[in-house]
Amino acid sequence: MKYFYISLFIFIAGLVKSQENRFYDEAYLTIDNMLNDKQKYNFKVAVLSTENAYYQGKLDTVEVNRKIKFMANFCKTILRNRNLTYNETDKDKVSKYAAIFSVICEETPILIDQDTVHYKPFTYDFEDVFGHKDLTSLFVSKLVTTQRGNCNSLPYLYKILAEEIGVEANLALAPNHIYIKHNIKSIGWYNTELTSGIFSQDAWLMASGFIHLNAIENGIYMKALDNRESLGLCLVDLANAYKRSFPESDGSFALKCAERALKVSPNLITALLLRAETHKEQYLKMEKSDPKAKELLSSLNKEYNYIHKIGYRNMPEGMYLEWLVSLKTERKKYEDVRLKR
């Protein structure tokens, strides 16, 4: 009887683990199907699938979708009631960008039954910028609930809203950072910085001191990511969520996500770092006498050397926060005056 209970316990434990992993497997499959054109591309679905996996199927996606739909409808209301001063042929596209920016970054008056209500913009959450204490600090689902976000959730929400109202938006990377890049006929490329609600110059990005020229040349920073590359970011998010859920995992799921993302974009820096750091974790768990340890260490050194070669430089978190704040404290210095309205 004793052995029966032990066997039953092992079976149940394995079943629970299987059920927990199922959500991650389903999220991976959703993103992979989009990349293989087996499922229609939808950035919102990819993002919420990742977040739902971390919540183990308990995310209230109906409520999150309701809030996103409200914001998308708010964007459409702004479009109907505001005539943007812009005379190029891509005015419809630019007006949509401006509407999304207003919903996320500006206090906007709303007339309800002859009363004016001021819609409050989203604010930057400095409490857990990198999600060290609580990974959900990086989630869009938390952003739309609290109206407080960071450089992960805010640009993700912007891209989601853009797709909801029928326009494309490009994510772009900087050290520890994500922002939006647009290309319009009047001025070409410009940056939208949602953490501070400013159209920043490239000079501000370079002022961080951690964007090497090689990083720009190799497309790891300041490049407008296409939709497939944005799905690659979601795969990295999925892997990091899995590692947080299962800290004692063997790293195989994270590596699967990293390799799939790198197949889409060979120099996607978040995926390169994920692969190298996962291999490092695997190496540290191995007996150094294990013949495979030497082989893994050799591969690991090659991975880190390549990451350095293409221009990546590690930016300390404290310096990142100072750099982020500098955009507001030195706004006149770094704001793109071409977009003054």
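Before the structure itself, one definition: a helix axis here is a line fitted to C-alpha atoms, over the stretch in contact, and the angle between two axes runs from 0 to 180 degrees between N-to-C directions. Please also keep in mind that what you see is a predicted model.

Now the helix pair. Helix H4 covers residues 91–105 and helix H6 covers residues 153–164; their axes come within 10 Å of each other and cross at roughly 135°. That angle makes H4 oblique to H6. As for handedness, the crossing of H4 and H6 is right-handed.

How many salt bridges does the structure hold? The count is 16. One of them joins the side chains of Glu164 and Lys44, at 3.3 Å from N to O. Glu164 belongs to helix H6, while Lys44 sits in helix H2, residues 43–54, so this pair ties together parts that are 120 residues apart in sequence. Are the two partners buried or exposed? Glu164 counts as partly exposed because its relative accessibility is 30%. Lys44 has 13% relative accessibility and therefore counts as buried; the cut-off for buried is under 20%.

A second salt bridge is formed by the side chains of Arg148 and Glu127, at 3.5 Å from N to O. Where do these two lie? Arg148 is in strand S4, residues 148–149, and Glu127 is in the loop between strand S3 (123–124) and helix H5 (140–146), so here the parts tied together are 21 residues apart in sequence. Arg148 has a relative accessible area of 32%, so it is partly exposed. Glu127, at 65% relative accessibility, counts as exposed; the cut-off for that word is over 50%.

Asp336 is buried, because its relative accessible area is 7%. Arg338 is at 45% relative accessibility, and so it counts as partly exposed. Salt bridges can also share partners: Glu63, Arg66 and Lys67 are joined in this way into one network.

Gln56 is found in the loop between H2 and helix H3, residues 61–81. H2 is also the helix that holds Lys44. Another is Asn176, which is not a glycine either and has a positive phi of about 60°. Asn176 lies in the loop between strand S5 (170–174) and strand S6 (177–184). With a relative accessible area of 31%, Asn176 is partly exposed.

Last, the surface. Which residues make a nonpolar surface patch of about 250 Å²? They are Met206, Leu213 and Ile216. To find Ile216 in the model, go to helix H8, residues 213–217. Ile216 has 32% relative accessibility, so it counts as partly exposed. A residue can join such a patch only if its relative accessible area is over 30%.

Methods: Residues numbered from 1 in each chain as written. Predicted model: local features only at pLDDT ≥ 70, side-chain atom pairs only at ≥ 80, totals over all residues. Heavy atoms only, no water. Patch = residues over 30% accessible without salt bridge, like charges linked within 9 Å, V, L, I, M, F, W, Y side chains within 5 Å. Areas by Shrake-Rupley, 256 points an atom, 1.4 Å probe, with all protein chains shown as cover. Salt bridge = Lys/Arg side-chain N within 4 Å of Asp/Glu carboxyl O. Helix = DSSP H or I, 4+ residues; strand = E, 2+ residues; numbered from the N terminus. Buried < 20%, exposed > 50% of the residue type's maximum accessible area, 1.4 Å probe, protein only. Parallel < 35°, antiparallel > 145°, perpendicular 65-115°, else oblique. Left-handed = near helix turned anticlockwise from the far one by under 90°.
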